[in-house]
Amino acid sequence: MPALPLPAKQPAASPAPPRTDRHAAVRGLRRRLLIMALLPAALLTLAVSAYLVIAETRLQESRFRAQGQGLAQEAARLMAPALGEPQRMHAVAERFLDRTAATALSVRDATDANLLDRRLPGEAPARIESIRFRSFPALIPPPADTQAAPGHPRSAQVVITLAHIPVSPEQRRLHRNAILLLLCGLIVTALLTRWLSNGLARPLGRLSEAAADFRAGDHRVRVPETSKGALGSLEKSFNAMAAAVEAAHAEKEQEANRAARELTQTLNELEERNVQLDLTRKRAEAATRVKSEFLAKMSHEIRTPMNSMVGFTEQLRNTRLATHQRDLLRLIEHSGADLLRIIDDILDYSDLEYGAFQPQSATFDVRETFEHAAALFGPQAHERKLELLLLAYEDVPQRLMGDQTRIRQILANLLGNAIKFTERGEITIRVMAGPESPEALELIFSVTDTGIGISPQVRQRLFNAFEQADPSLTRRFGGIGLGLSITFKLIRAMNGRIAIHSDQGQGSAFTVHLPLARAPEAAPSHAEPQPFAARPCRLHCRHRLSQLELNHRLEGLGFEVEAYDPNAPEPEAAAALVLGFDAEEAALQAPERFLQELKPALHATTLVLISDSDRGRHSAIERRFGCRCHAKPLLTETLQRELQELLADPRQTPPPLEDAAPPGPDPALRGARVLVVEDNAFNRDLLLRQLNHLGCKADAVDSGQAALATTLDQAYQVILMDIHMPGLSGVETTVRLREREQRLGGPRPIIIALTADVMSDTRAEAAAAGVDGLLFKPVSEGQLRRLLKDALANQGAPGLWRLPAEAPQAAAATPAEPPVIDRQKALTVSGGSVELADELIRRLARELPAYQQEIRRLAAATDAQALKGAVHKLRGALTLCGAMALEGIARQLELRLANGAPIKDCTDLTAQTLSEIQRLIDTVSGPDG
């Protein structure tokens, strides 16, 4: 879904200031205007007042200086006659100080010697030019009589000292009046300024408030246009601007609202889809986890009893059996093998679902494949009174190259559904050859039934997992609806296709087209030997298609077939008489009535084929009428064998038992020492029987502890180790055996793991433990023979899965270094979704630092159990993201901790795990991560 363009982001409006703040702003404006007008006037007034005071002070100072200089001149004139006469000088000084404002008088000669120093009583000596006193010097004029008395100084200087004259009342009034004048000027100026500023403050305040409201988002605000001049123009301009902005804002708001509604709708849809995707993902993860647990449990629970069933059936085949018993035993073996294949197919369902399945290619017999499948489902068809037919056309090659197991699985699924949903009538298998070339051809086979049919609406979802034509059919017919889904995926994996032709209530036809290669040794069908060439045979069968099938088979064996007519004269006796009865005739006891009527003229070489799998009924017919009786559909090899025995000695009855010639002990295994470690008594007994029959010297124990104790006293060449055992598991037992080998030395036994769990983790755990091979249950004697022979000869088991025969550490290592992130593995887990795979990897990257810190903390705390749990939890997260390198190291660390190893013995693996976690973090966080 393309991303919708988002509307342009509007700048957020500033919040409007409170009303009190607006008034404070207006008052501040008035104060500023007042200060601007008052300050110059105040400064001017202050300057004038200061000038007047300073001028008055200077005038007084000049007068004071003139007075002092005059007094100094007068004192010099008075002191001149008395110069040189100290008493007289004192007297003159006393009189001068008494009648003048001087406070001190001193006389000094030319050498600055003090001739006289006289002060008023109580006056302390004052520093000349002090703040309080001023001194005024004057030269004493020389006397007019130049013939002065001896001792009279030629020149001298008089210095008087005057105190500052105190400020007069007139001066104080002058200063007070100046200050009052200053204050009055300031007050008058302030009043005038306030009166004048109000005319400016009011309109400016209204503009300021309007601007604040406008900035807060109120575009409807206007100011009264009451002013004149520049303020009036400013008010008009503001109102015009507000109107224009209001109109533009209204238009923008409409556009933004429309875009917001569209965006909200889109976001709601995306959120709903994200929730659905998240729920789907969680359900898928839970379903995957449950499916894996279910498959592992189902595999183990089914394969364990199947091991006993298949094994003891194989042992039974090595005993003396009658021919029909051997045929039944063969069907049981085929049924067991097909059941195991079904289990394997179900376990491979996830591989099929994600396209990871790869079909095999090997030579197989086409007719035998379809005949065995038809014979296997014969009893089910007979139980529902249905006729099951197989028509293989002559142009179909005898042998082709392909995956026989998967073809039989496809056919089994189609036959199972046909029988399940057909209540009466017939089911026909047709095998045909399609377009061909010298190297390959298209094998076409179909399964047609006369059942309930499929509506056109249901066909579209018919191949989905867990789907059926109608939900009520699950209760009516059973099943879970998985067969057709597996069939569809198998056919698609083999590059084939499937078509459906069906009408509701009139049956269905499933047609499969598979491209297959020709087998190199394939020969034309007409070149095969015909054991009954040109021998006559009479055939009686009222069911048209069944008659066609039997006629085709008999002619394929070389017979000259003609219809049997009991009323027509026989020119010559036929070599054989074959009587066929369909399911409806068998249900109405028609075979017994027909044979009773025919008994006087009953042919000695008569073979009766009925659509009934009751072996007791077959034996009763044979004893009563002296003929051979079998259930349909019959294998061609069985039909040929029965006719050969009848034509060789028609009167000979089937032998009750026949000597079996089971294969004897294998010379390569004679005397081989083998230990079986198995907790299931049936499986343990079966393996002992098989090993003893092969010539091995076998012992058995029922637990891992017993195996450890037994191997101390006995040396074994091979140990068959069950993986899942209570107490000490097979993996843990193997680890302890390998550790003991390294510690004590001695011969190294070959350990082959036996398990019914076919999940991939089983192989990984076995590899890490140090096993040499892995064999899945049930184990046939032939498999066991091949495995042991190859293991003893080559230290391995080709075809069954093996590891290099090296030390346990080497065995635990992978053949090649796995990638840090296997994106193909992550895509497989996410169902092919690149987005989901990337999300899983990103989520893992976010969680890895916490795992790293937790593992480091638990390792430092030497808490082995908690560390094992943390590593196990980490592995669970790694497998979903394809982190194969780290998952392998973490698996080894978890396994060692599970075996009871202390933390100090796991230091190397812990360090590797932490280092690999960091490498994974760097990889995911890098440019290619």
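Helices (H or I, at least four residues) and strands (E, at least two) are DSSP runs, numbered here from the N terminus, and by this count the protein chain holds 27 helices and 21 strands. The model is a predicted one, in which local features need pLDDT of at least 70 and side-chain atom pairs count only at pLDDT 80 or more, while totals for chains, interfaces and linings use all residues. Residues are numbered from 1 along each chain as its sequence is written, and side-chain values use heavy atoms, with hydrogens and water left out.

**The chain as a whole**
- Of the 929 residues of the protein chain, 42% count as buried, a term for under 20% relative accessible area, with exposed meaning over 50% and partly exposed in between (1.4 Å probe, protein chains only).
- The accessible surface, computed by the Shrake-Rupley method with a 1.4 Å probe, comes to about 49300 Å², and 56% of it belongs to carbon and sulfur atoms.
- Among contacts (heavy atoms within 4.5 Å) with a separation of 6 or more, 71% are between residues 24 or more positions apart.

- Strand 14 (residues 576-581) is largely enclosed by the rest of the structure, because six of its six residues are buried.
- In a regular strand the side chains alternate between the two faces of the sheet.
- Ala576, Val578 and Gly580 point one way from strand 14, whereas Leu577, Leu579 and Phe581 point the other way, and all are buried.

**Pairing partners of strand 14**
- Strands count as paired if DSSP finds at least two bridges between them, and strand 12 (residues 535-541) pairs with strand 14 in the parallel sense over five bridges, with arginine 538 opposite leucine 577.
- Strand 15 (residues 606-610) also pairs with strand 14 in the parallel sense over five bridges, and there threonine 606 is the bridge partner of leucine 577.
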